[in-house]
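Morning, everyone, and thanks for coming.

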Amino acid sequence: MELVCPAGNLPSLKAAIDNGADAVYIGFKDDTNARHFAGLNFDEKKIQQGIEYAHTKNRKVFLALNTYPQPSGWSRWQKAVDHAGEINIDSLIIADLGVMDYARNRWPDLNLHLSVQGSATSYEAVNFYQRHFDIKRVVLPRVLSLKQVKQLVDNTDVGIEVFGFGSLCVMVEGRCILSSYATGDSPNTFGACSPAKAVEWIDKPDGGMDTRLNGLLVDRYNANENASYPTICKGRFNVGGNTYHALEEPTSLNTLELLPELFDAGVQAIKIEGRQRSPAYVAQVTRVWRDAIDLCQQNKDTFKPKSDWMQELAKVSEGSQTTLGAYHRPWQ
Amino acid sequence: MRLSLGSILYYWSKDDTLAFYRDLADSPVEIFYLGESVCSKRKQMRTQDWFELAEELESKGKEVVLSTLALSEADSDIKTLHRICDNNHFMVEANDMGAVSLLEGKAFVSGHSVNTYNQHTIKLLSELGLKRWVMPLELSKDTLADLLATKPETVESEIFAFGRIPLAYSARCYTARAHNLQKDDCQYRCIDYPDGMLLNTQEDQKFLNINGIQTLSAQTYNLLPELDSMKTMGIDVLRLSPQYRHMDKIIDLFDQCINNKLSTEDASNQLEKLTSSGSCNGYWYGKAGIESKAS
């Protein structure tokens, strides 16, 4: 089972490799990828250095081109594909059909993966991309139960990558436009959910805080509460006279305890979320997951997550809490 | 420009559903999209019932298109998908790439939850059989103009012109959550909310609408005021998305404007009274979807 870790910059890439990642995934410095944040991602020089660092240690580098170009921006995505084809990238992670088609035709030898933003949730969808574009792997949206993941694996030859840890999208990825409804920008069109320019943290006289997105109140905190980044699906709203986390609480996905079952299901790779996080986060999470996968590989029947691993992961989780998400049926 | 009626996004009783279509069978709507596109647990109307309704509407001279689920997860979802896509008579609206996969080689419609953001995607789908394409909701009129200028001639365009905006789909049921229930024991609570459940901010600003596993906008997307400029763009079909009440009147207002029997200004004033939680059109202008801009 391959461990795929996030790298928003060169120090994170090195941290991932040094702590046991089998592969890292990165993006260019523009809206061609779904972590289009200021100060993040790789320019020409840094990409070369990153690839060299990884390849010297026999690890892989994947490049995410996982947003959706519109006609006016098409040439930027086309250039990004060509750029990726010219450097020694191990796989391209693509969401858009048009971009996928271009990459396959222009660079027939490139390994292609279907991004989670491609929103393929059934083996019929996955096999479509294999048939037309010979994809080698698909990253599954975080909407399937463990049983459904297994059924999907059983009905395709495409390698399956699932999310193991990190910020949790509660909506099916690639088809959520909550962010653009509030701000005008979405992961699909802009490469970011709740873009920073639309976020406001407003201190209140009583020590509390309001978090807003383009003026819309996403959450209101007391003085003794820690405010979370205002993502719409993690806010507190009023439904039917009750104010609560109507969609989901601020929480991170953590599937460490499901590792033996993911092995049994035939999952090929585990993905860690968090290209926007610090090199320290990447190092910490990568180290825990490396140890866990190695231990599980030795004997999956006796595998149990160690309590210090869980503590380490909880420390870097949203709201300091974790969930099994959709893998665990009662969550749904 | 022809009018279409999108599939019902909410969970209505079988009686309500059949009565709704009976009332609209002689309306100016030319294209009916039928089927369950949100939650596979909803069984008031079985797949067979949709087929029977489809035949009935077809016998009245309507074009009928069968809509598939936007979010397929279980094996049983795939079985239903096969049954719909293999029907060999009615055209099918693919609402995810699994459906596109099964419809390859047949004439099909791509729904707004299939990500068609650029000319290359539309061209590729047209080579697989795409007959009509519904533009994703977050795209603007400027992008639409670019797409209309470059799309293959054989592909018709359809624009979502009225209704609450489908914004997201999840494994989790939010209607069940609002009642402290899990999805597996949802007790079909969504049938009590024929127009969904309103979600407000803590400042009582109307924001979203919960409809089972789907999240909609609270505001109604309304392009009626834009109709005059839309007529010159080369749009083939305008889609109206059902709400529980007044759909007959809403259809008539659009029809009268298309046929120049009523000004869009007068019609818009009348339409505003038939919707709840206000209207929006920000996406059309390339802005935040919730915004409302005068045309």
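Let's start at A:Lys150, which is partly exposed at a relative accessible area of 37%. For the terms, buried is under 20% relative accessible area, exposed is over 50%, and partly exposed is in between, with a 1.4 Å probe and protein chains only. A:Asp154 counts as exposed, at 53% relative accessibility. These two form a salt bridge, and the closest N and O atoms are 3.6 Å apart. By salt bridge I mean a side-chain nitrogen of Lys or Arg within 4 Å of a carboxyl oxygen of Asp or Glu. Both A:Lys150 and A:Asp154 sit in helix α6 of chain A, residues 146–154, and they are 4 residues apart, about one turn of the helix. An α-helix has 3.6 residues a turn, so residues three or four places apart point the same way.

A word on what you are looking at: this is a predicted model, where local features need pLDDT of at least 70 and side-chain atom pairs count only at pLDDT 80 or more, while totals for chains, interfaces and linings use all residues. Residues are numbered from 1 along each chain as its sequence is written, chains are lettered from A and ligands numbered from 1 in the order in which they are written, and side-chain values use heavy atoms, with hydrogens and water left out.

Back to the charges. Over all chains, the count comes to 39 salt bridges by this rule. Another one pairs A:Glu161 with A:Lys271, with 3.1 Å between the closest N and O atoms. This pair links distant parts of the chain, 110 residues apart: A:Glu161 is in strand β7 (residues 159–167) of chain A and A:Lys271 in strand β14 (residues 269–272) of chain A. Helices and strands here are DSSP runs numbered from the N terminus, H or I of at least four residues for helices and E of at least two for strands. Are these two partners buried or exposed? A:Glu161 is buried, and A:Lys271 is buried too.

Now let's cross between chains. A:Arg212 forms a salt bridge with B:Glu203, the closest N and O atoms being 2.6 Å apart. On one side is strand β9 of chain A (residues 209–213), holding A:Arg212, and on the other is the loop between β8 (197–200) and β9 (206–211) of chain B, holding B:Glu203. A:Arg212 is buried, with a relative accessible area of 12%, whereas B:Glu203 is partly exposed at 38%. And which residues do shared partners join into one network? They are B:Arg2, B:Glu63, B:Glu93, B:Arg132, B:Glu156, B:Glu158 and B:Arg239, linked by salt bridges.

On to helix packing. Two packed helices are described by the angle between their axes and the distance between the axes. In chain A, the axes of helix α1 (residues 10–18) and helix α2 (residues 44–56) come within 10 Å and cross at roughly 10 degrees. That makes α1(A) roughly parallel to α2(A). The axes are lines fitted to C-alpha atoms, for helices over the stretch in contact, and angles run from 0 to 180 degrees between N-to-C directions. Under 35 degrees counts as roughly parallel, over 145 as roughly antiparallel, 65 to 115 as roughly perpendicular, and the rest as oblique.

Who meets whom? From α1(A) come A:Leu10, A:Leu13, A:Lys14, A:Ile17 and A:Asp18, and from α2(A) come A:Lys46, A:Gln49, A:Gly50, A:Tyr53 and A:Ala54. Contact means heavy atoms within 4.5 Å. These residues divide into 5 nonpolar, 2 polar and 3 charged. Ala, Val, Leu, Ile, Met, Phe, Trp, Tyr, Cys and Pro count as nonpolar, Asp, Glu, Lys and Arg as charged, and the others, Gly among them, as polar.

Chain B has a pair to set beside that one. Helix α9 (residues 247–258) and helix α10 (residues 264–272) of chain B pack at about 175 degrees, with their axes 10 Å apart. That makes α9(B) roughly antiparallel to α10(B). The contact of α9(B) with α10(B) has 6 nonpolar, 2 polar and no charged residues.

Last stop, A:Ser115, in the loop between β5 (112–114) and α5 (123–133) of chain A. A:Ser115 is buried, with a relative accessible area of 1%. A polar atom of the A:Ser115 side chain lies 2.9 Å from the backbone nitrogen of A:Gln117. As for α5(A), 8 of its 11 residues are buried, and just after this helix A:Asp134 takes a positive phi of about 55 degrees. Thanks, all!

Conventions. Polar contact = N/O pair within 3.5 Å; in protein donor to acceptor, adjacent residues only side chain to side chain.
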